[in-house]
Amino acid sequence: MAGNDKDYLFEGPGSLFRRRLWSYFKEMAAILRSVADDWTVFVYILIPGLLLGGRLYYGLWKEPLPDLASRIPFAAIPLLLLAVASAGGVILLIREADVLFLVQRKRWVRGIMLRGGLYSMAAAALKTSFVFLILLPFIIRQFHESGRFAGSMLAFTIAFEWVQMWLKHLVKVQTSGWRRWLLYIPFAIMPASLYLAFMLVFKSRPAVLLIGTLVLAVFVVVLLRMRLRLRGTFINDAQEDLARRTRLTAIVLSQAIDKPRRVRRKTWIFRRSRPLFRSVQPSKRIAGTMIKALLRHPGQRSLYLRFAVVSLPVFFLPMPSSVRVVVYAALHLLLVYWLFLQWFSFKGDPFVSLLPWPDDQSIQASMIAVQTLLFPYAVIVSALMLFNSGMATGIAAAGFIPLAAGVTWVVPQVIRMFMLNKKY
(Lines give C-alpha, C1' and ligand atoms only; values in the text may rest on other atoms or scores of the structure.)
Protein backbone atom coordinates (compact mmCIF):
# COMPACT_ATOMS: atom_id res chain seq x y z
CA MET A 1 0.00 0.00 0.00
CA ALA A 2 1.51 3.27 -1.08
CA GLY A 3 1.21 6.62 0.65
CA ASN A 4 1.80 7.79 4.15
CA ASP A 5 -0.35 7.68 7.25
CA LYS A 6 -1.61 11.26 6.79
CA ASP A 7 -3.59 10.16 3.73
CA TYR A 8 -6.00 8.23 5.96
CA LEU A 9 -8.77 9.23 8.34
CA PHE A 10 -6.67 8.08 11.30
CA GLU A 11 -3.21 9.48 11.78
CA GLY A 12 -1.78 6.25 13.19
CA PRO A 13 -2.53 3.01 15.03
CA GLY A 14 -2.98 4.92 18.29
CA SER A 15 -5.94 6.95 17.05
CA LEU A 16 -7.50 3.88 15.42
CA PHE A 17 -7.13 1.91 18.64
CA ARG A 18 -8.77 4.68 20.67
CA ARG A 19 -11.68 4.74 18.22
CA ARG A 20 -12.15 0.98 18.48
CA LEU A 21 -11.82 0.97 22.26
CA TRP A 22 -14.50 3.67 22.50
CA SER A 23 -16.72 1.64 20.16
CA TYR A 24 -16.14 -1.41 22.37
CA PHE A 25 -17.25 0.56 25.45
CA LYS A 26 -20.37 1.75 23.61
CA GLU A 27 -21.19 -1.84 22.64
CA MET A 28 -20.98 -2.92 26.27
CA ALA A 29 -23.18 0.00 27.33
CA ALA A 30 -25.76 -0.87 24.67
CA ILE A 31 -25.90 -4.45 25.94
CA LEU A 32 -26.45 -3.24 29.49
CA ARG A 33 -29.18 -0.88 28.28
CA SER A 34 -30.92 -3.82 26.63
CA VAL A 35 -31.27 -5.42 30.07
CA ALA A 36 -32.79 -2.30 31.65
CA ASP A 37 -34.32 0.37 29.42
CA ASP A 38 -34.03 3.05 32.09
CA TRP A 39 -30.61 3.86 33.56
CA THR A 40 -32.31 4.94 36.78
CA VAL A 41 -32.82 1.24 37.53
CA PHE A 42 -29.05 0.83 37.75
CA VAL A 43 -28.80 3.97 39.87
CA TYR A 44 -31.40 2.70 42.33
CA ILE A 45 -29.50 -0.57 42.64
CA LEU A 46 -25.95 0.81 42.48
CA ILE A 47 -26.17 3.55 45.11
CA PRO A 48 -27.71 1.39 47.89
CA GLY A 49 -25.37 -1.42 46.90
CA LEU A 50 -22.31 0.83 47.22
CA LEU A 51 -23.48 2.18 50.57
CA LEU A 52 -24.24 -1.27 51.94
CA GLY A 53 -21.02 -2.73 50.55
CA GLY A 54 -18.98 0.14 51.98
CA ARG A 55 -20.53 -0.36 55.39
CA LEU A 56 -19.85 -4.09 55.32
CA TYR A 57 -16.27 -3.53 54.20
CA TYR A 58 -15.76 -1.01 57.01
CA GLY A 59 -17.07 -3.62 59.43
CA LEU A 60 -14.49 -6.14 58.21
CA TRP A 61 -11.74 -3.74 59.29
CA LYS A 62 -13.18 -2.31 62.50
CA GLU A 63 -15.54 -4.99 63.86
CA PRO A 64 -14.97 -8.65 64.76
CA LEU A 65 -14.77 -10.93 61.74
CA PRO A 66 -17.56 -13.47 61.18
CA ASP A 67 -17.19 -16.79 62.96
CA LEU A 68 -16.99 -18.53 59.62
CA ALA A 69 -13.67 -16.74 58.91
CA SER A 70 -11.94 -18.75 61.64
CA ARG A 71 -12.75 -21.98 59.79
CA ILE A 72 -11.30 -20.83 56.46
CA PRO A 73 -7.71 -22.00 55.83
CA PHE A 74 -5.13 -19.71 54.28
CA ALA A 75 -5.08 -21.87 51.14
CA ALA A 76 -8.57 -20.58 50.31
CA ILE A 77 -7.14 -17.08 49.66
CA PRO A 78 -4.71 -17.99 46.84
CA LEU A 79 -7.26 -20.48 45.51
CA LEU A 80 -9.84 -17.73 45.14
CA LEU A 81 -7.28 -15.37 43.59
CA LEU A 82 -6.34 -18.13 41.16
CA ALA A 83 -9.97 -18.50 40.11
CA VAL A 84 -10.21 -14.76 39.49
CA ALA A 85 -6.89 -14.68 37.61
CA SER A 86 -7.91 -17.62 35.41
CA ALA A 87 -10.96 -15.69 34.18
CA GLY A 88 -8.82 -13.06 32.46
CA GLY A 89 -8.37 -12.91 28.72
CA VAL A 90 -6.74 -10.89 25.94
CA ILE A 91 -8.72 -8.65 23.60
CA LEU A 92 -6.71 -7.16 20.74
CA LEU A 93 -9.50 -5.19 19.01
CA ILE A 94 -8.71 -6.78 15.68
CA ARG A 95 -11.53 -6.68 13.11
CA GLU A 96 -12.28 -9.14 10.32
CA ALA A 97 -12.17 -6.33 7.73
CA ASP A 98 -8.54 -5.62 8.62
CA VAL A 99 -7.59 -8.44 6.29
CA LEU A 100 -8.56 -6.12 3.42
CA PHE A 101 -7.26 -2.78 4.67
CA LEU A 102 -4.60 -3.22 7.35
CA VAL A 103 -3.01 -6.62 6.95
CA GLN A 104 -0.30 -5.18 4.70
CA ARG A 105 0.47 -2.36 7.12
CA LYS A 106 2.27 -4.42 9.72
CA ARG A 107 3.14 -1.41 11.87
CA TRP A 108 -0.52 -0.55 12.29
CA VAL A 109 -1.54 -4.12 13.12
CA ARG A 110 1.29 -4.44 15.64
CA GLY A 111 0.42 -1.09 17.18
CA ILE A 112 -3.23 -2.07 17.66
CA MET A 113 -2.25 -5.48 19.07
CA LEU A 114 0.25 -3.94 21.48
CA ARG A 115 -2.23 -1.39 22.77
CA GLY A 116 -4.98 -4.01 23.00
CA GLY A 117 -2.71 -6.30 24.97
CA LEU A 118 -1.70 -3.51 27.37
CA TYR A 119 -5.35 -2.57 27.85
CA SER A 120 -6.24 -6.20 28.60
CA MET A 121 -3.43 -6.42 31.14
CA ALA A 122 -4.52 -3.19 32.84
CA ALA A 123 -8.15 -4.32 33.00
CA ALA A 124 -7.12 -7.68 34.46
CA ALA A 125 -4.93 -5.98 37.06
CA LEU A 126 -7.82 -3.71 38.16
CA LYS A 127 -10.19 -6.67 38.43
CA THR A 128 -7.75 -8.71 40.52
CA SER A 129 -6.88 -5.73 42.70
CA PHE A 130 -10.57 -5.15 43.46
CA VAL A 131 -11.05 -8.75 44.58
CA PHE A 132 -7.81 -8.58 46.56
CA LEU A 133 -9.02 -5.48 48.44
CA ILE A 134 -12.09 -7.44 49.52
CA LEU A 135 -9.89 -10.26 50.82
CA LEU A 136 -7.34 -7.93 52.43
CA PRO A 137 -9.09 -7.66 55.84
CA PHE A 138 -9.01 -11.43 56.18
CA ILE A 139 -5.32 -11.58 55.20
CA ILE A 140 -4.32 -8.89 57.68
CA ARG A 141 -6.69 -9.55 60.59
CA GLN A 142 -7.48 -13.27 60.36
CA PHE A 143 -4.10 -14.65 59.23
CA HIS A 144 -2.01 -11.82 60.79
CA GLU A 145 0.09 -11.21 57.70
CA SER A 146 2.08 -8.03 57.17
CA GLY A 147 1.31 -5.32 54.64
CA ARG A 148 4.57 -6.11 52.86
CA PHE A 149 3.47 -9.70 52.33
CA ALA A 150 0.04 -8.55 51.11
CA GLY A 151 1.62 -6.23 48.54
CA SER A 152 3.99 -8.97 47.37
CA MET A 153 1.07 -11.37 47.10
CA LEU A 154 -0.93 -8.95 44.96
CA ALA A 155 2.01 -8.18 42.67
CA PHE A 156 2.82 -11.86 42.21
CA THR A 157 -0.83 -12.67 41.46
CA ILE A 158 -1.13 -9.93 38.83
CA ALA A 159 2.12 -10.98 37.16
CA PHE A 160 0.98 -14.60 37.12
CA GLU A 161 -2.37 -13.56 35.64
CA TRP A 162 -0.61 -11.71 32.81
CA VAL A 163 1.53 -14.74 32.04
CA GLN A 164 -1.45 -17.07 32.04
CA MET A 165 -3.47 -14.70 29.84
CA TRP A 166 -0.81 -14.65 27.15
CA LEU A 167 -0.11 -18.38 27.37
CA LYS A 168 -3.78 -19.22 26.87
CA HIS A 169 -4.07 -16.66 24.09
CA LEU A 170 -1.10 -18.11 22.19
CA VAL A 171 -2.56 -21.60 22.52
CA LYS A 172 -6.01 -20.49 21.31
CA VAL A 173 -4.84 -18.64 18.19
CA GLN A 174 -2.49 -21.42 17.06
CA THR A 175 -4.44 -24.60 17.83
CA SER A 176 -8.00 -25.91 17.86
CA GLY A 177 -9.93 -29.00 18.85
CA TRP A 178 -8.30 -31.65 20.99
CA ARG A 179 -4.82 -30.15 20.50
CA ARG A 180 -5.94 -26.98 22.27
CA TRP A 181 -7.27 -28.88 25.26
CA LEU A 182 -4.14 -31.03 25.35
CA LEU A 183 -1.89 -27.96 25.40
CA TYR A 184 -3.92 -26.45 28.22
CA ILE A 185 -2.31 -29.00 30.56
CA PRO A 186 1.27 -27.63 30.33
CA PHE A 187 0.27 -24.01 29.60
CA ALA A 188 -2.70 -23.46 31.93
CA ILE A 189 -3.22 -26.23 34.48
CA MET A 190 0.43 -26.76 35.44
CA PRO A 191 1.15 -23.02 35.91
CA ALA A 192 -1.93 -22.77 38.12
CA SER A 193 -0.65 -25.64 40.27
CA LEU A 194 2.77 -24.00 40.50
CA TYR A 195 1.16 -20.72 41.54
CA LEU A 196 -0.65 -22.38 44.44
CA ALA A 197 2.46 -24.28 45.51
CA PHE A 198 4.63 -21.15 45.33
CA MET A 199 2.17 -19.09 47.37
CA LEU A 200 1.89 -21.72 50.10
CA VAL A 201 5.58 -22.64 50.32
CA PHE A 202 6.86 -19.04 50.44
CA LYS A 203 3.95 -17.74 52.50
CA SER A 204 6.25 -16.13 55.10
CA ARG A 205 8.90 -14.87 52.65
CA PRO A 206 7.64 -11.81 50.73
CA ALA A 207 11.11 -11.18 49.27
CA VAL A 208 10.88 -14.46 47.34
CA LEU A 209 7.45 -13.45 46.05
CA LEU A 210 8.89 -10.17 44.78
CA ILE A 211 11.70 -12.03 43.00
CA GLY A 212 9.10 -14.33 41.46
CA THR A 213 7.13 -11.28 40.35
CA LEU A 214 10.17 -9.86 38.55
CA VAL A 215 10.78 -13.18 36.80
CA LEU A 216 7.15 -13.35 35.68
CA ALA A 217 7.28 -9.74 34.48
CA VAL A 218 10.27 -10.56 32.27
CA PHE A 219 8.39 -13.59 30.98
CA VAL A 220 5.41 -11.36 30.14
CA VAL A 221 7.64 -9.15 28.00
CA VAL A 222 8.93 -12.24 26.17
CA LEU A 223 5.41 -13.51 25.54
CA LEU A 224 4.29 -10.10 24.30
CA ARG A 225 7.17 -9.99 21.81
CA MET A 226 6.30 -13.51 20.67
CA ARG A 227 2.71 -12.40 20.14
CA LEU A 228 3.73 -9.42 18.01
CA ARG A 229 6.07 -11.53 15.89
CA LEU A 230 3.53 -14.32 15.35
CA ARG A 231 2.55 -14.87 11.70
CA GLY A 232 -0.27 -16.69 9.94
CA THR A 233 -2.85 -16.41 12.71
CA PHE A 234 -4.88 -13.39 11.56
CA ILE A 235 -8.15 -15.30 11.06
CA ASN A 236 -7.82 -16.99 14.44
CA ASP A 237 -6.96 -13.63 16.01
CA ALA A 238 -10.13 -12.06 14.62
CA GLN A 239 -12.31 -15.01 15.67
CA GLU A 240 -10.88 -15.11 19.19
CA ASP A 241 -11.27 -11.35 19.51
CA LEU A 242 -14.89 -11.56 18.33
CA ALA A 243 -15.59 -14.27 20.92
CA ARG A 244 -14.13 -12.10 23.69
CA ARG A 245 -16.08 -9.01 22.59
CA THR A 246 -19.39 -10.87 22.45
CA ARG A 247 -19.12 -12.70 25.79
CA LEU A 248 -21.43 -10.26 27.54
CA THR A 249 -23.93 -10.53 24.69
CA ALA A 250 -23.88 -14.31 24.99
CA ILE A 251 -24.52 -14.09 28.74
CA VAL A 252 -27.48 -11.75 28.25
CA LEU A 253 -29.01 -13.78 25.42
CA SER A 254 -28.51 -17.06 27.27
CA GLN A 255 -31.26 -15.98 29.68
CA ALA A 256 -33.69 -15.17 26.85
CA ILE A 257 -32.87 -17.61 24.03
CA ASP A 258 -32.27 -21.32 24.42
CA LYS A 259 -29.10 -22.71 22.95
CA PRO A 260 -29.81 -24.61 19.72
CA ARG A 261 -30.08 -28.27 20.53
CA ARG A 262 -28.09 -30.83 18.61
CA VAL A 263 -30.29 -33.19 16.64
CA ARG A 264 -29.65 -36.79 17.73
CA ARG A 265 -31.01 -40.03 16.41
CA LYS A 266 -31.22 -41.35 19.97
CA THR A 267 -31.33 -39.54 23.26
CA TRP A 268 -28.88 -40.18 26.10
CA ILE A 269 -31.69 -40.93 28.57
CA PHE A 270 -34.57 -43.34 27.85
CA ARG A 271 -33.03 -44.44 24.57
CA ARG A 272 -35.74 -47.04 24.00
CA SER A 273 -39.29 -45.78 23.63
CA ARG A 274 -40.83 -47.91 26.33
CA PRO A 275 -43.52 -46.84 28.83
CA LEU A 276 -42.03 -45.55 32.05
CA PHE A 277 -44.79 -47.13 34.16
CA ARG A 278 -46.11 -50.65 33.68
CA SER A 279 -49.67 -49.50 34.27
CA VAL A 280 -51.76 -48.84 31.15
CA GLN A 281 -53.84 -46.16 32.84
CA PRO A 282 -53.94 -42.93 30.79
CA SER A 283 -52.73 -40.82 33.72
CA LYS A 284 -49.66 -43.03 34.16
CA ARG A 285 -48.85 -42.90 30.45
CA ILE A 286 -49.22 -39.11 30.35
CA ALA A 287 -47.06 -38.69 33.46
CA GLY A 288 -44.38 -40.96 32.03
CA THR A 289 -44.30 -38.92 28.83
CA MET A 290 -43.85 -35.68 30.78
CA ILE A 291 -41.03 -37.16 32.86
CA LYS A 292 -39.23 -38.34 29.73
CA ALA A 293 -39.67 -34.94 28.06
CA LEU A 294 -38.19 -33.10 31.05
CA LEU A 295 -35.22 -35.41 31.56
CA ARG A 296 -34.42 -35.55 27.86
CA HIS A 297 -34.33 -31.75 27.54
CA PRO A 298 -30.73 -30.59 28.26
CA GLY A 299 -31.74 -27.25 29.77
CA GLN A 300 -34.42 -28.60 32.09
CA ARG A 301 -32.31 -31.58 33.12
CA SER A 302 -29.34 -29.32 33.81
CA LEU A 303 -31.45 -26.93 35.89
CA TYR A 304 -32.82 -29.82 37.97
CA LEU A 305 -29.32 -31.16 38.63
CA ARG A 306 -27.86 -27.73 39.38
CA PHE A 307 -30.60 -27.04 41.89
CA ALA A 308 -29.79 -30.30 43.63
CA VAL A 309 -26.03 -29.71 43.61
CA VAL A 310 -26.34 -26.16 44.96
CA SER A 311 -28.90 -26.94 47.65
CA LEU A 312 -27.39 -30.12 49.09
CA PRO A 313 -24.31 -28.48 50.73
CA VAL A 314 -26.65 -26.26 52.77
CA PHE A 315 -27.31 -29.13 55.17
CA PHE A 316 -23.62 -29.40 56.03
CA LEU A 317 -23.64 -25.86 57.48
CA PRO A 318 -24.11 -25.41 61.23
CA MET A 319 -27.60 -24.06 61.91
CA PRO A 320 -30.35 -24.42 64.54
CA SER A 321 -32.81 -27.26 64.14
CA SER A 322 -35.73 -24.90 63.52
CA VAL A 323 -33.84 -23.13 60.71
CA ARG A 324 -32.86 -26.50 59.25
CA VAL A 325 -36.51 -27.58 59.09
CA VAL A 326 -37.55 -24.31 57.45
CA VAL A 327 -34.80 -24.62 54.83
CA TYR A 328 -35.75 -28.27 54.23
CA ALA A 329 -39.39 -27.32 53.60
CA ALA A 330 -38.53 -24.26 51.49
CA LEU A 331 -36.29 -26.23 49.13
CA HIS A 332 -39.00 -28.83 48.51
CA LEU A 333 -41.65 -26.16 47.98
CA LEU A 334 -39.42 -24.35 45.48
CA LEU A 335 -38.61 -27.50 43.53
CA VAL A 336 -42.25 -28.66 43.44
CA TYR A 337 -43.38 -25.23 42.24
CA TRP A 338 -40.85 -25.38 39.40
CA LEU A 339 -41.94 -28.92 38.48
CA PHE A 340 -45.56 -27.81 38.26
CA LEU A 341 -44.51 -24.96 35.97
CA GLN A 342 -42.77 -27.49 33.75
CA TRP A 343 -45.93 -29.60 33.78
CA PHE A 344 -48.08 -26.68 32.60
CA SER A 345 -45.50 -25.91 29.92
CA PHE A 346 -45.61 -29.54 28.77
CA LYS A 347 -49.40 -29.56 28.77
CA GLY A 348 -49.53 -26.32 26.75
CA ASP A 349 -47.27 -27.63 24.00
CA PRO A 350 -49.09 -27.37 20.63
CA PHE A 351 -48.62 -31.07 19.88
CA VAL A 352 -49.51 -32.33 23.35
CA SER A 353 -52.58 -30.07 23.60
CA LEU A 354 -54.12 -31.90 20.63
CA LEU A 355 -54.75 -34.92 22.85
CA PRO A 356 -58.21 -35.06 24.46
CA TRP A 357 -57.35 -35.03 28.17
CA PRO A 358 -60.13 -35.19 30.76
CA ASP A 359 -59.50 -32.86 33.69
CA ASP A 360 -59.39 -35.62 36.28
CA GLN A 361 -56.75 -37.56 34.35
CA SER A 362 -54.72 -34.39 33.80
CA ILE A 363 -54.69 -33.59 37.53
CA GLN A 364 -53.80 -37.16 38.42
CA ALA A 365 -51.02 -37.26 35.82
CA SER A 366 -49.53 -34.00 37.09
CA MET A 367 -49.37 -35.36 40.63
CA ILE A 368 -47.75 -38.61 39.50
CA ALA A 369 -45.14 -36.81 37.39
CA VAL A 370 -44.22 -34.25 40.06
CA GLN A 371 -44.05 -36.82 42.84
CA THR A 372 -41.89 -39.15 40.75
CA LEU A 373 -39.41 -36.39 39.91
CA LEU A 374 -39.38 -35.11 43.49
CA PHE A 375 -38.77 -38.43 45.24
CA PRO A 376 -35.02 -38.93 44.37
CA TYR A 377 -34.22 -35.40 45.55
CA ALA A 378 -36.32 -35.83 48.70
CA VAL A 379 -34.50 -39.06 49.61
CA ILE A 380 -31.05 -37.46 49.38
CA VAL A 381 -32.05 -34.26 51.20
CA SER A 382 -33.87 -36.17 53.93
CA ALA A 383 -30.82 -38.36 54.52
CA LEU A 384 -28.51 -35.33 54.76
CA MET A 385 -30.87 -33.56 57.12
CA LEU A 386 -31.30 -36.46 59.55
CA PHE A 387 -27.69 -37.67 59.56
CA ASN A 388 -26.33 -34.13 60.09
CA SER A 389 -28.84 -33.16 62.78
CA GLY A 390 -27.15 -35.04 65.62
CA MET A 391 -29.78 -37.75 65.61
CA ALA A 392 -28.82 -41.35 66.38
CA THR A 393 -27.53 -43.14 63.30
CA GLY A 394 -30.01 -46.00 63.57
CA ILE A 395 -33.01 -43.68 63.83
CA ALA A 396 -31.76 -41.55 60.92
CA ALA A 397 -31.18 -44.65 58.76
CA ALA A 398 -34.68 -45.94 59.49
CA GLY A 399 -36.44 -42.60 59.12
CA PHE A 400 -35.06 -40.79 56.07
CA ILE A 401 -36.95 -42.87 53.47
CA PRO A 402 -40.35 -42.58 55.25
CA LEU A 403 -39.69 -38.86 55.68
CA ALA A 404 -38.93 -38.50 51.97
CA ALA A 405 -42.07 -40.44 51.06
CA GLY A 406 -44.20 -38.22 53.29
CA VAL A 407 -42.73 -35.01 51.88
CA THR A 408 -43.16 -36.34 48.34
CA TRP A 409 -46.88 -36.85 48.98
CA VAL A 410 -47.65 -33.75 51.09
CA VAL A 411 -45.76 -30.92 49.32
CA PRO A 412 -47.27 -31.50 45.82
CA GLN A 413 -50.72 -31.63 47.40
CA VAL A 414 -50.13 -28.25 49.07
CA ILE A 415 -48.74 -26.60 45.93
CA ARG A 416 -51.53 -28.00 43.78
CA MET A 417 -54.18 -26.29 45.91
CA PHE A 418 -52.60 -22.91 45.13
CA MET A 419 -52.00 -23.62 41.43
CA LEU A 420 -55.15 -25.53 40.51
CA ASN A 421 -57.13 -22.49 39.42
CA LYS A 422 -54.23 -20.64 37.81
CA LYS A 423 -53.58 -20.57 34.09
CA TYR A 424 -50.04 -20.77 32.71
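**The largest nonpolar core**

A: Of the 46 residues in the largest nonpolar core, Ile-77, Leu-81, Phe-132, Met-153, Trp-166 and Tyr-195 touch the most other members. A nonpolar core is a set of buried Ala, Val, Leu, Ile, Met, Phe, Trp, Tyr and Cys residues joined through side-chain atoms within 4.5 Å. Two or more residues each come from H3, H5, H6, H7 and helix H8 (206–229). H6 gives the most, with 13 residues. Helices (H or I, at least four residues) are DSSP runs, numbered from the N terminus.

This is a predicted model: local features need pLDDT of at least 70, side-chain atom pairs count only at pLDDT 80 or more, and totals for chains, interfaces and linings use all residues. Residues are numbered from 1 along each chain as its sequence is written, and side-chain values use heavy atoms, with hydrogens and water left out.

Now helix H3 (residues 76–86). Its residues Ile-77, Pro-78, Leu-81, Leu-82, Val-84 and Ala-85 are buried (under 20% relative accessible area, 1.4 Å probe, protein chains only). They lie on the same side of H3, because they cover an arc of only 165° around the axis. The arc is that of the directions from the helix axis to the C-beta atoms. The buried residues of H3 pack against helix H5 (106–142), helix H6 (147–174) and helix H7 (178–201).

Leu-81 is in contact (heavy atoms within 4.5 Å) with Val-131, Phe-132, Leu-135, Met-153, Thr-157 and Tyr-195, leaving aside neighbours within four places in sequence. Apart from this core lies another, of 35 residues, among them Ile-286, Leu-331, Ala-365 and Leu-384.

Note on methods
Buried < 20%, exposed > 50% of the residue type's maximum accessible area, 1.4 Å probe, protein only.
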